[in-house]
Amino acid sequence: MRSAVTSDLLRDGLSRILDIWRDRFDGAADPLNGVLRLQLSDAAGMAPPPSTPEVRKMHDAIRAYYDNVRYAILSPTAMVWGTVTNALRVAAGVDSVTALQRQVFGFSEASLTAFVKAAHHDANLAEALCNAFRPMPAADCQALAALLDIHLDARLDATMVLAVVRVLGNEGPLTSTEAQAARTLESAGLVGAAFAGIRGRA
């Protein structure tokens, strides 16, 4: 039952974020917003919303990326969130990003920052999504949980968003580049917010 509730939250929450982004943060013409909407329509088995040729081309490239046996059991909703996390990792320059991921998920920092800001616009939704991602052990999910932590709302800009992903979206000890990203969080007084509940809170 819990997994069904979580799946509904992740799907419906993402749809709500895209609506807020469209209506309040000039997201109507943003390619990432358009691609995510197409993916959500795929996941729901619904007719696709209107989109530009550019957005359809990006969507098709992402669908081809997931058309791989390693993603055979990934849920359609997880694939949509996977687009968000892959785009964040590419923008943040996470070391394990591949050339193919850079090619397929190369969305702008401004798009990703607007996505996070739209999520924070509905504090209850951001908190619910943060709590959904927090128990998931994957580094990408930990980065999403930190980005959706409502305590980050005061300093949401591209530098902050990418610093969180750079610090939490990789594996192993901090590299020198990641340590610099951690100092960005520290200088903003947000190291505690980024890690509380992500690494240690019960």
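Some ground rules. Residues are numbered from 1 along each chain as its sequence is written, and side-chain values use heavy atoms, with hydrogens and water left out. Because the model is predicted, local features need pLDDT of at least 70 and side-chain atom pairs count only at pLDDT 80 or more, while totals for chains, interfaces and linings use all residues.

The fold, then. The chain has eleven helices and zero strands. Both are DSSP runs, numbered from the N terminus: helices are H or I, at least four residues, and strands are E, at least two. Buried residues make up 46% of the 202 residues. Buried means under 20% relative accessible area, exposed over 50%, partly exposed in between, with a 1.4 Å probe and protein chains only.

Next, the open space. We work on a 1 Å grid over the protein atoms alone. A pocket is an open set of points with protein on both sides within 12 Å along at least five of seven lines. In a cavity, a 1.4 Å probe fits but cannot get out. Lining residues have an atom within 4 Å of a point. Points are joined across faces, edges and corners, and a volume is the space filled by probe spheres set on them.

The largest pocket has a volume of about 440 Å³. It is lined by 23 residues, and the closest to its centre are Leu74, Ala78, Trp81, Gly82 and Cys141. Two or more lining residues come from each of α1 (2-24), α3 (53-66), α4 and α8. Helix α4 gives the largest share, six residues. By class, that lining has 13 nonpolar, nine polar and one charged residues. Ala, Val, Leu, Ile, Met, Phe, Trp, Tyr, Cys and Pro count as nonpolar, Asp, Glu, Lys and Arg as charged, and the others, Gly among them, as polar.

The largest cavity has a volume of about 50 Å³. What is its lining, by class? Nine nonpolar, no polar and no charged residues. Among them are Trp81, Phe115 and Leu148. Helices α4, α6 (109-121) and α8 (139-147) each supply at least two of the lining residues.

Last, Arg89. Arg89 sits in helix α4, residues 76-92.
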